[in-house]
Amino acid sequence: TAALSAPFVRDWLLRCCDAMSEARVGLIDLDRAIGDGDHGENMDRGFSAVKQLLHDADGDQSIAELLKSVAMSLMSTVGGAAGPLYGTAFLSASRAVGEELDSAGVAALLAGALEGIQKRGKAERGEKTMVDAWGPAADAARAAADGGEDVVATWQAAAEAAAEGAQATIPLKATKGRASYLGERSIGHLDPGAESSRLLIAAAADAAAN
Ligand code: ADP
Ligand code: MG
Ligand code: MG
């Protein structure tokens with residue numbers, strides 16, 4: 001596949017809605033261990049709003065418009081730490097994309113999302129946050145695009161790196177967000193935001209491949 005267009009983004013976002021609904025309880029459990037137990041509820045609420053928005057949309061929106069409307073929707077419905085972070089991620093991603101997504105466009109989208117998250121949350125990699133999923137995903141997409149991979153392989157590489165990055169949060173001590181209140185006791189648990197990020201990026205790889 002040479003390049004993806006707006007229907008791909010729409011399909012990706014719809015898959016995100018299903019993924020967040022399916023992961024609701026799992027994300028709640030993860031957040032119960034090192035946070036306040038609301039991450040699954042927050043994400044499911046946010047993506048239910050996204051589903052409604054996609055349902056109401058006329059279908060003529062560009063990739064950037066779709067991502068921006070998702071950003072606005074997440075910012076106003078998710079709440080907590082994740083709402084502004086994911087909102088900024090999608091907003092920043094919307095500014096990084098063009099009319100179509102080729103491999104370099106995927107890399108730009110992910111780099112944009114990462115930049116938004118870091119601008120907003122000030123977390124570096126290794127602090128046991130969603131940055132530990134988006135960071136490796138953005139790097140892997142860049143490497144795949146530079147290596148001449150097509151969009152499907154580029155999303156696949158990003159999804160694999162996000163999964164590895166999320167798993168790698170388990171032994172980390174949280175130094176940002178609510179989990180940081182636990183200090184050493186945050187060690188040994190998967191970060192909920194890294195896990196939801198993994199699922200959102202996996203949904204893109206699935207949408208691209210299908
Ligand atoms: P809250 O912690 O307000 O209840 P959520 O439970 O919805 O919000 O989201 C928690 C997730 O947000 C964490 O698992 C972590 O991945 C992410 N997070 C928290 N603070 C930051 C930050 N400063 N930078 C990046 N991600 C963060
Ligand atoms: Mg929480
Ligand atoms: Mg909360």
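Biologist: Where does K122 lie in this model?

Modeller: K122 lies in the loop between helix 6 and helix 7, the latter covering residues 131-146. Please keep in mind that this is a predicted model.

Biologist: What is the phi of K122?

Modeller: K122 has a positive phi of about 60 degrees, although it is not a glycine.

Biologist: And is K122 buried or exposed?

Modeller: K122 counts as exposed, because it has 11 C-beta neighbours inside 10 Å.

Biologist: What about K128, then: where is it found?

Modeller: K128 is found in the loop between helix 6 and helix 7. Its phi is positive, about 65 degrees, and K128 is not a glycine.

Biologist: Is K128 buried or exposed, and why?

Modeller: K128 is buried, because 28 other C-beta atoms lie within 10 Å. The cut-off for buried is 20 or more.

Biologist: Let us turn to the ligand. Which residues come nearest to ligand 1?

Modeller: There are 24 residues around ligand 1, and G80, G121, T129, G177 and G193 come nearest.

Biologist: Which helices supply at least two residues of that shell around ligand 1?

Modeller: Those are helix 3 (39-56), helix 5 (82-96), helix 6 (103-121) and helix 9 (192-209). Helix 9 gives the largest share of the shell, with three residues.

Biologist: How many nonpolar, polar and charged residues does the shell around ligand 1 have?

Modeller: The shell has nine nonpolar residues, eight polar residues and seven charged residues.

Biologist: Helix 9 came up there. How many of its residues are buried?

Modeller: Helix 9 is mostly covered, with 16 of its 18 residues buried. From its first C-alpha to its last, helix 9 reaches 26 Å, close to the 26 Å expected at 1.5 Å a residue.

Biologist: How far apart are the end C-alpha atoms of helix 1?

Modeller: They are 24 Å apart, which agrees with the 24 Å that its 17 residues should span at 1.5 Å a residue.

Biologist: Which residues of helix 1 are buried?

Modeller: In helix 1 the buried residues are F8, V9, W12, L13, C16, C17, A19 and M20. Helix 2, helix 3, helix 4 (63-77) and helix 9 are among the elements that cover them.

Biologist: Which residues is A19 in contact with, leaving aside neighbours within four places in sequence?

Modeller: On that basis A19 is in contact with L199 and A203. As for T1, A19 is 18 residues away in sequence and 24 Å away in space, C-alpha to C-alpha.

Biologist: Next, helix 4. Which of its residues are buried?

Modeller: The buried residues of helix 4 are I63, L66, L67, V70, A71, S73 and L74. Their cover includes helix 1, helix 3 and helix 5.

Biologist: What follows helix 4?

Modeller: Helix 4 is followed by G79, which has a positive phi near 75 degrees.

Biologist: Where is R24, and what is it in contact with?

Modeller: R24 is placed in helix 2, residues 24-34. Apart from neighbours within four places in sequence, R24 is in contact with G40, E41 and D44. It counts as partly exposed, because it has 18 C-beta neighbours inside 10 Å.

Biologist: Which residues touch the most other members in the largest nonpolar core?

Modeller: That core has 74 residues, and V106, L110, W134, A137, A141, A158 and I201 touch the most other members. In soluble globular proteins, nonpolar side chains tend to be buried together.

Biologist: What does A158 touch, not counting residues up to four places away in sequence?

Modeller: A158 touches V106, L110, A137, A140, A141, I201 and A205.

Biologist: To finish, which residues does UniProt list for "domain: DhaL"?

Modeller: In an unreviewed entry, UniProt lists residues 7-206 for "domain: DhaL". Over residues 7-206 the chain is 71% helix and 0% strand, with the end C-alpha atoms 14 Å apart.

Conventions. Residues are numbered from 1 along each chain as its sequence is written. Chains are lettered from A and ligands numbered from 1 in the order in which they are written. This is a predicted model: local features need pLDDT of at least 70, side-chain atom pairs count only at pLDDT 80 or more; totals for chains, interfaces and linings use all residues. A residue is near a molecule or strand if its C-beta atom, placed from the backbone, lies within 6 Å of it. Helices (H or I, at least four residues) and strands (E, at least two) are DSSP runs, numbered from the N terminus. Ala, Val, Leu, Ile, Met, Phe, Trp, Tyr, Cys and Pro count as nonpolar, Asp, Glu, Lys and Arg as charged, and the others, Gly among them, as polar. Two residues are in contact if their C-beta atoms, placed from the backbone, lie within 7 Å. A nonpolar core is a set of buried Ala, Val, Leu, Ile, Met, Phe, Trp, Tyr and Cys residues joined through C-beta atoms within 7 Å. A residue is buried if 20 or more other C-beta atoms lie within 10 Å of its own, exposed if 12 or fewer, and partly exposed in between; C-beta atoms are placed from the backbone. UniProt positions are given in the numbering used here, feature names are shortened, and annotations may be inferred rather than shown by experiment. The expected span of a helix is 1.5 Å times one less than its number of residues.
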